[in-house]
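Try each task before you read its solution.

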Amino acid sequence: MAVFAGAVPASAAETPQPLCTVKDSRLGELSGLVSDGAKFWAINDGGTKVQVFVLGRDCKVQKVMTDRTDPFDVEDLARTPDGRLWLSDTGDNQKGRLTVALLEMSPEGKVTVHRLTYPDGQHDTEALIMDKAGTPYLITKDILGEARVYRPSGPLASPGPTNLEKVGTVKIETTDTQGGPVGSIGSVLVTGGASMADGSAVALRTYTDAYVYAAPDGDVLAALQRTPVRIPLPGEKQGEAIAFDPDGTLVSGSEGVGQPLRTVRGAAALAAQSGAPAEGTTGANVSSGSAGDGAGLPVLPAAGITLAVVGLGWFGFSKLRRRSRR
(Lines give C-alpha, C1' and ligand atoms only; values in the text may rest on other atoms or scores of the structure.)
Protein backbone atom coordinates (compact mmCIF):
# COMPACT_ATOMS: atom_id res chain seq x y z
CA MET A 1 0.00 0.00 0.00
CA ALA A 2 1.31 3.44 -0.90
CA VAL A 3 -0.59 6.42 0.43
CA PHE A 4 0.16 9.95 -0.67
CA ALA A 5 -0.67 12.67 1.83
CA GLY A 6 -1.42 16.27 0.98
CA ALA A 7 -3.50 15.79 -2.17
CA VAL A 8 -6.22 18.21 -1.00
CA PRO A 9 -5.13 21.87 -0.94
CA ALA A 10 -4.34 23.16 2.52
CA SER A 11 -6.50 26.25 1.86
CA ALA A 12 -9.57 24.02 2.16
CA ALA A 13 -9.17 23.96 5.96
CA GLU A 14 -9.76 26.68 8.53
CA THR A 15 -6.87 28.33 10.32
CA PRO A 16 -6.17 26.76 13.76
CA GLN A 17 -7.74 28.79 16.58
CA PRO A 18 -6.37 28.94 20.16
CA LEU A 19 -8.60 27.17 22.69
CA CYS A 20 -6.59 27.48 25.91
CA THR A 21 -3.00 27.49 27.12
CA VAL A 22 -1.27 24.63 28.94
CA LYS A 23 0.46 26.37 31.85
CA ASP A 24 0.93 23.45 34.25
CA SER A 25 4.65 22.64 34.52
CA ARG A 26 3.80 18.95 34.97
CA LEU A 27 2.74 18.86 31.29
CA GLY A 28 5.84 20.41 29.79
CA GLU A 29 6.28 17.59 27.25
CA LEU A 30 2.73 17.13 25.96
CA SER A 31 2.83 14.30 23.46
CA GLY A 32 -0.53 12.50 23.41
CA LEU A 33 -4.09 13.81 23.66
CA VAL A 34 -7.68 12.51 23.48
CA SER A 35 -10.99 14.31 23.98
CA ASP A 36 -14.60 13.49 24.81
CA GLY A 37 -15.73 17.05 24.06
CA ALA A 38 -15.96 18.05 27.73
CA LYS A 39 -12.45 17.20 28.90
CA PHE A 40 -9.06 16.04 27.66
CA TRP A 41 -6.76 13.21 28.68
CA ALA A 42 -3.09 14.05 28.10
CA ILE A 43 0.33 12.46 28.53
CA ASN A 44 3.92 13.62 28.55
CA ASP A 45 6.64 12.34 26.28
CA GLY A 46 8.76 9.78 28.15
CA GLY A 47 8.43 9.61 31.93
CA THR A 48 9.42 7.28 34.77
CA LYS A 49 5.89 6.25 35.75
CA VAL A 50 2.50 6.16 34.08
CA GLN A 51 0.74 9.52 34.38
CA VAL A 52 -2.42 10.58 32.56
CA PHE A 53 -3.58 14.15 33.14
CA VAL A 54 -7.27 15.00 32.93
CA LEU A 55 -7.80 18.58 31.73
CA GLY A 56 -10.83 20.84 31.44
CA ARG A 57 -11.51 22.83 28.29
CA ASP A 58 -9.58 25.64 29.99
CA CYS A 59 -6.41 23.48 29.97
CA LYS A 60 -6.34 23.30 33.77
CA VAL A 61 -5.45 19.94 35.29
CA GLN A 62 -8.42 18.46 37.15
CA LYS A 63 -7.00 15.06 38.00
CA VAL A 64 -3.91 12.89 37.51
CA MET A 65 -4.25 9.13 37.00
CA THR A 66 -1.05 7.34 38.01
CA ASP A 67 0.44 3.87 38.10
CA ARG A 68 3.88 2.69 39.26
CA THR A 69 4.60 0.96 35.93
CA ASP A 70 7.85 2.46 34.61
CA PRO A 71 7.63 2.97 30.82
CA PHE A 72 10.60 3.41 28.50
CA ASP A 73 9.32 6.18 26.21
CA VAL A 74 5.58 6.90 26.02
CA GLU A 75 4.70 8.89 22.89
CA ASP A 76 0.97 8.79 22.12
CA LEU A 77 -2.43 8.20 23.67
CA ALA A 78 -5.72 6.71 22.45
CA ARG A 79 -9.09 5.93 24.03
CA THR A 80 -11.49 3.15 23.12
CA PRO A 81 -15.31 3.39 23.43
CA ASP A 82 -15.24 1.36 26.67
CA GLY A 83 -13.32 4.19 28.36
CA ARG A 84 -9.94 2.45 28.39
CA LEU A 85 -6.86 4.56 27.72
CA TRP A 86 -3.99 3.19 25.64
CA LEU A 87 -0.51 4.63 26.08
CA SER A 88 1.89 3.94 23.24
CA ASP A 89 5.24 3.14 24.88
CA THR A 90 6.90 2.90 21.48
CA GLY A 91 9.52 5.66 21.32
CA ASP A 92 12.98 4.43 20.34
CA ASN A 93 15.27 7.29 19.27
CA GLN A 94 18.35 5.07 19.35
CA LYS A 95 16.65 2.07 17.65
CA GLY A 96 17.78 -0.25 20.42
CA ARG A 97 14.61 -1.71 21.97
CA LEU A 98 13.95 -5.44 21.68
CA THR A 99 10.27 -4.87 22.45
CA VAL A 100 7.88 -1.94 22.59
CA ALA A 101 4.60 -1.86 24.52
CA LEU A 102 1.03 -0.70 24.75
CA LEU A 103 -0.03 0.23 28.26
CA GLU A 104 -3.74 -0.37 28.79
CA MET A 105 -5.25 1.77 31.56
CA SER A 106 -8.71 0.92 32.87
CA PRO A 107 -11.13 3.73 33.85
CA GLU A 108 -10.14 2.97 37.46
CA GLY A 109 -6.44 3.52 36.67
CA LYS A 110 -5.16 -0.08 36.60
CA VAL A 111 -2.44 -0.64 33.99
CA THR A 112 -1.88 -3.81 31.96
CA VAL A 113 1.31 -4.12 29.88
CA HIS A 114 1.17 -5.62 26.37
CA ARG A 115 4.65 -6.06 24.87
CA LEU A 116 5.08 -6.09 21.09
CA THR A 117 7.83 -7.03 18.64
CA TYR A 118 8.39 -5.77 15.09
CA PRO A 119 8.99 -8.31 12.31
CA ASP A 120 11.80 -6.29 10.69
CA GLY A 121 13.97 -4.64 13.34
CA GLN A 122 13.62 -1.58 15.53
CA HIS A 123 11.58 1.53 14.75
CA ASP A 124 10.95 4.86 16.44
CA THR A 125 7.16 5.17 16.62
CA GLU A 126 5.23 8.17 17.95
CA ALA A 127 1.75 7.64 16.49
CA LEU A 128 -1.02 5.28 17.65
CA ILE A 129 -4.45 4.91 16.06
CA MET A 130 -7.04 2.62 17.66
CA ASP A 131 -9.95 1.55 15.50
CA LYS A 132 -13.42 1.32 17.03
CA ALA A 133 -13.04 -2.46 17.40
CA GLY A 134 -9.96 -1.93 19.59
CA THR A 135 -7.27 -2.90 17.06
CA PRO A 136 -4.13 -0.75 17.50
CA TYR A 137 -2.15 0.59 14.54
CA LEU A 138 1.39 1.90 15.06
CA ILE A 139 2.78 4.38 12.52
CA THR A 140 6.53 4.94 12.50
CA LYS A 141 8.50 8.18 12.40
CA ASP A 142 10.67 8.04 9.25
CA ILE A 143 13.17 10.65 8.09
CA LEU A 144 12.27 10.13 4.41
CA GLY A 145 8.55 10.45 4.98
CA GLU A 146 7.83 6.75 4.37
CA ALA A 147 6.03 5.85 7.58
CA ARG A 148 5.36 2.15 8.11
CA VAL A 149 2.05 0.91 9.51
CA TYR A 150 1.96 -2.08 11.88
CA ARG A 151 -0.72 -3.90 13.82
CA PRO A 152 -0.69 -7.00 16.06
CA SER A 153 -0.82 -10.29 14.17
CA GLY A 154 -3.17 -11.71 16.81
CA PRO A 155 -4.87 -10.90 20.13
CA LEU A 156 -2.78 -8.83 22.54
CA ALA A 157 -1.08 -10.87 25.24
CA SER A 158 0.01 -9.71 28.68
CA PRO A 159 2.85 -9.29 29.16
CA GLY A 160 3.51 -10.86 25.74
CA PRO A 161 5.24 -10.20 23.48
CA THR A 162 2.75 -10.25 20.62
CA ASN A 163 4.18 -10.13 17.11
CA LEU A 164 3.41 -7.12 14.94
CA GLU A 165 2.88 -7.34 11.19
CA LYS A 166 3.54 -4.64 8.62
CA VAL A 167 0.30 -3.83 6.79
CA GLY A 168 1.14 -0.72 4.81
CA THR A 169 3.13 2.44 4.23
CA VAL A 170 2.05 6.07 4.40
CA LYS A 171 4.15 8.41 2.28
CA ILE A 172 4.25 12.08 3.22
CA GLU A 173 5.68 14.86 1.08
CA THR A 174 7.53 17.90 2.41
CA THR A 175 5.55 21.10 2.96
CA ASP A 176 6.46 24.74 3.54
CA THR A 177 4.57 25.00 6.84
CA GLN A 178 6.79 26.66 9.43
CA GLY A 179 7.39 25.19 12.89
CA GLY A 180 8.92 22.30 14.78
CA PRO A 181 12.40 21.72 16.19
CA VAL A 182 14.19 20.29 13.14
CA GLY A 183 13.37 22.59 10.21
CA SER A 184 11.63 21.53 7.00
CA ILE A 185 12.40 17.82 7.53
CA GLY A 186 9.90 17.96 10.38
CA SER A 187 7.08 18.18 7.85
CA VAL A 188 7.52 14.50 6.94
CA LEU A 189 8.02 13.07 10.44
CA VAL A 190 4.87 11.47 11.90
CA THR A 191 4.59 12.54 15.54
CA GLY A 192 1.03 11.60 16.50
CA GLY A 193 -2.23 9.95 15.51
CA ALA A 194 -5.92 10.13 16.40
CA SER A 195 -9.29 8.66 15.54
CA MET A 196 -12.88 9.79 15.93
CA ALA A 197 -14.71 7.97 18.72
CA ASP A 198 -17.17 6.56 16.15
CA GLY A 199 -14.33 5.54 13.82
CA SER A 200 -15.50 7.81 10.98
CA ALA A 201 -12.18 9.66 10.56
CA VAL A 202 -8.53 9.26 11.48
CA ALA A 203 -5.64 11.69 11.53
CA LEU A 204 -1.87 11.67 11.44
CA ARG A 205 0.28 14.66 12.24
CA THR A 206 3.83 15.80 11.66
CA TYR A 207 5.62 18.62 13.48
CA THR A 208 3.97 21.06 11.06
CA ASP A 209 0.79 19.61 9.51
CA ALA A 210 -2.15 17.31 10.14
CA TYR A 211 -3.60 14.86 7.60
CA VAL A 212 -7.25 13.91 8.10
CA TYR A 213 -8.67 10.82 6.38
CA ALA A 214 -12.30 9.84 6.05
CA ALA A 215 -13.07 6.37 7.40
CA PRO A 216 -16.81 5.90 6.73
CA ASP A 217 -16.68 2.18 7.47
CA GLY A 218 -14.28 2.48 10.42
CA ASP A 219 -11.50 0.66 8.55
CA VAL A 220 -8.17 2.34 9.38
CA LEU A 221 -6.24 0.74 6.52
CA ALA A 222 -8.91 1.68 3.99
CA ALA A 223 -8.95 5.20 5.40
CA LEU A 224 -5.19 5.62 4.97
CA GLN A 225 -5.60 4.82 1.28
CA ARG A 226 -8.03 7.68 0.78
CA THR A 227 -7.06 11.23 -0.18
CA PRO A 228 -6.55 13.21 3.06
CA VAL A 229 -7.13 16.84 3.82
CA ARG A 230 -3.87 18.55 4.80
CA ILE A 231 -4.30 21.04 7.63
CA PRO A 232 -1.28 23.26 8.34
CA LEU A 233 -0.45 23.70 12.02
CA PRO A 234 2.13 26.50 11.76
CA GLY A 235 4.18 27.85 14.61
CA GLU A 236 4.00 24.90 16.98
CA LYS A 237 7.23 24.64 18.94
CA GLN A 238 7.26 20.84 18.96
CA GLY A 239 3.87 19.63 17.81
CA GLU A 240 3.21 16.02 18.77
CA ALA A 241 -0.35 15.90 20.18
CA ILE A 242 -3.48 15.48 18.04
CA ALA A 243 -7.08 14.57 18.89
CA PHE A 244 -10.68 14.79 17.69
CA ASP A 245 -13.61 16.25 19.56
CA PRO A 246 -16.80 14.20 19.03
CA ASP A 247 -18.13 16.84 16.60
CA GLY A 248 -15.16 16.38 14.26
CA THR A 249 -13.12 19.35 15.47
CA LEU A 250 -9.39 18.66 15.31
CA VAL A 251 -7.33 19.60 18.38
CA SER A 252 -3.54 19.98 18.32
CA GLY A 253 -0.92 20.70 20.94
CA SER A 254 2.82 21.14 21.38
CA GLU A 255 5.46 20.36 23.97
CA GLY A 256 6.48 23.30 26.14
CA VAL A 257 4.87 25.02 29.13
CA GLY A 258 2.77 27.96 27.95
CA GLN A 259 1.91 26.42 24.57
CA PRO A 260 -1.73 26.53 23.40
CA LEU A 261 -4.15 23.82 22.43
CA ARG A 262 -5.60 24.84 19.07
CA THR A 263 -8.72 23.71 17.22
CA VAL A 264 -9.76 23.37 13.59
CA ARG A 265 -13.53 23.11 13.33
CA GLY A 266 -15.09 20.84 10.74
CA ALA A 267 -11.90 18.93 9.98
CA ALA A 268 -13.56 15.49 9.90
CA ALA A 269 -16.44 16.75 7.75
CA LEU A 270 -13.97 18.27 5.31
CA ALA A 271 -12.21 14.93 4.98
CA ALA A 272 -15.54 13.17 4.40
CA GLN A 273 -16.26 15.52 1.50
CA SER A 274 -12.82 15.03 -0.05
CA GLY A 275 -11.89 11.47 0.88
CA ALA A 276 -11.83 9.59 -2.41
CA PRO A 277 -9.37 6.69 -2.72
CA ALA A 278 -5.93 8.11 -3.53
CA GLU A 279 -4.44 7.53 -6.97
CA GLY A 280 -1.66 4.98 -7.16
CA THR A 281 -2.71 3.01 -4.10
CA THR A 282 -3.11 -0.73 -3.97
CA GLY A 283 -5.47 -2.80 -1.86
CA ALA A 284 -5.17 -3.07 1.88
CA ASN A 285 -4.12 -6.70 1.68
CA VAL A 286 -0.39 -6.06 1.92
CA SER A 287 2.02 -8.75 3.03
CA SER A 288 3.64 -8.11 6.41
CA GLY A 289 7.25 -7.03 6.50
CA SER A 290 7.38 -6.03 2.84
CA ALA A 291 9.56 -3.06 1.98
CA GLY A 292 8.23 -0.06 0.04
CA ASP A 293 9.39 0.48 -3.55
CA GLY A 294 10.36 4.12 -2.98
CA ALA A 295 7.70 5.61 -5.26
CA GLY A 296 6.48 8.99 -4.12
CA LEU A 297 9.33 9.68 -1.70
CA PRO A 298 9.82 13.38 -1.01
CA VAL A 299 12.55 14.94 -3.11
CA LEU A 300 15.29 15.81 -0.63
CA PRO A 301 18.84 16.71 -1.76
CA ALA A 302 21.56 14.45 -0.36
CA ALA A 303 23.07 17.33 1.62
CA GLY A 304 19.67 18.09 3.11
CA ILE A 305 19.22 14.48 4.16
CA THR A 306 22.67 14.44 5.77
CA LEU A 307 21.94 17.62 7.72
CA ALA A 308 18.56 16.23 8.72
CA VAL A 309 20.11 13.01 9.99
CA VAL A 310 22.65 14.94 12.04
CA GLY A 311 19.98 17.28 13.37
CA LEU A 312 17.61 14.48 14.28
CA GLY A 313 20.43 12.55 15.91
CA TRP A 314 21.27 15.50 18.14
CA PHE A 315 17.57 16.16 18.82
CA GLY A 316 17.02 12.53 19.82
CA PHE A 317 20.15 12.52 21.98
CA SER A 318 19.10 15.69 23.78
CA LYS A 319 15.68 14.21 24.49
CA LEU A 320 17.30 11.04 25.79
CA ARG A 321 19.53 13.06 28.13
CA ARG A 322 16.55 15.05 29.34
CA ARG A 323 14.65 11.87 30.24
CA SER A 324 17.64 10.33 32.00
CA ARG A 325 17.65 13.19 34.51
CA ARG A 326 14.15 12.34 35.77
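The exercises below go from the whole chain to single residue pairs.

Please note that this is a predicted model, in which local features need pLDDT of at least 70, side-chain atom pairs count only at pLDDT 80 or more, and totals for chains, interfaces and linings use all residues. Residues are numbered from 1 along each chain as its sequence is written, and side-chain values use heavy atoms, with hydrogens and water left out.

**Exercise 1. The whole chain**

Task: Find the secondary structure count of the protein chain and the percentage of its residues that are buried.

Solution: 
- Start with the elements: the protein chain has three helices and 21 strands. Helices (H or I, at least four residues) and strands (E, at least two) are DSSP runs, numbered from the N terminus.
- Next, look at burial: 55% of the 326 residues are buried. Buried means under 20% relative accessible area, exposed over 50% and partly exposed in between, with a 1.4 Å probe and protein chains only.

**Exercise 2. The disulfide**

Task: Locate the disulfide and describe its geometry and surroundings.

Solution: 
- A search of the whole structure gives one disulfide, that is, a pair of cysteine sulfur atoms within 2.5 Å.
- Cys-20 and Cys-59 form the link, with an S to S distance of 1.9 Å.
- The angle about the S-S bond is 65°, and the link of Cys-20 and Cys-59 is right-handed.
- Cys-20 belongs to strand β2 (residues 17–22) and Cys-59 to the loop between β5 (50–56) and β6 (61–67), so the pair ties together parts 39 residues apart in sequence.
- Cys-20 is buried at a relative accessible area of 10%, and Cys-59 is also buried, at 3%.

**Exercise 3. The aromatic pair**

Task: Why is the pair of Tyr-118 and Tyr-150 edge-to-face?

Solution: 
- Recall the two quantities: a pair of aromatic rings is described by the distance of the centres and the angle of the planes.
- Apply the cut-offs: rings of Phe, Tyr and Trp (its six-membered ring) pair if their centres lie within 6.5 Å, and planes under 30 degrees apart count as stacked, over 60 as edge-to-face and the rest as tilted.
- The ring centres of Tyr-118 and Tyr-150 are 5.0 Å apart and their planes stand at 70°, so the pair is edge-to-face.
- Now place the residues: Tyr-118 sits in the loop between β10 (111–117) and β11 (125–130), while Tyr-150 is in strand β13 (residues 146–152), 32 residues apart.
- Tyr-118 is buried at 14% relative accessible area, and Tyr-150 is buried at 0%.

**Exercise 4. Strand β9**

Solution: 
- Strand β8 (residues 85–89) pairs with β9 in the antiparallel sense over five bridges; two strands pair if DSSP finds at least two bridges between them.
- β10 also runs antiparallel to β9, joined by six bridges.
- Follow Leu-102 in β9: Ser-88 is its bridge partner, and His-114 in β10 stands opposite Leu-102.
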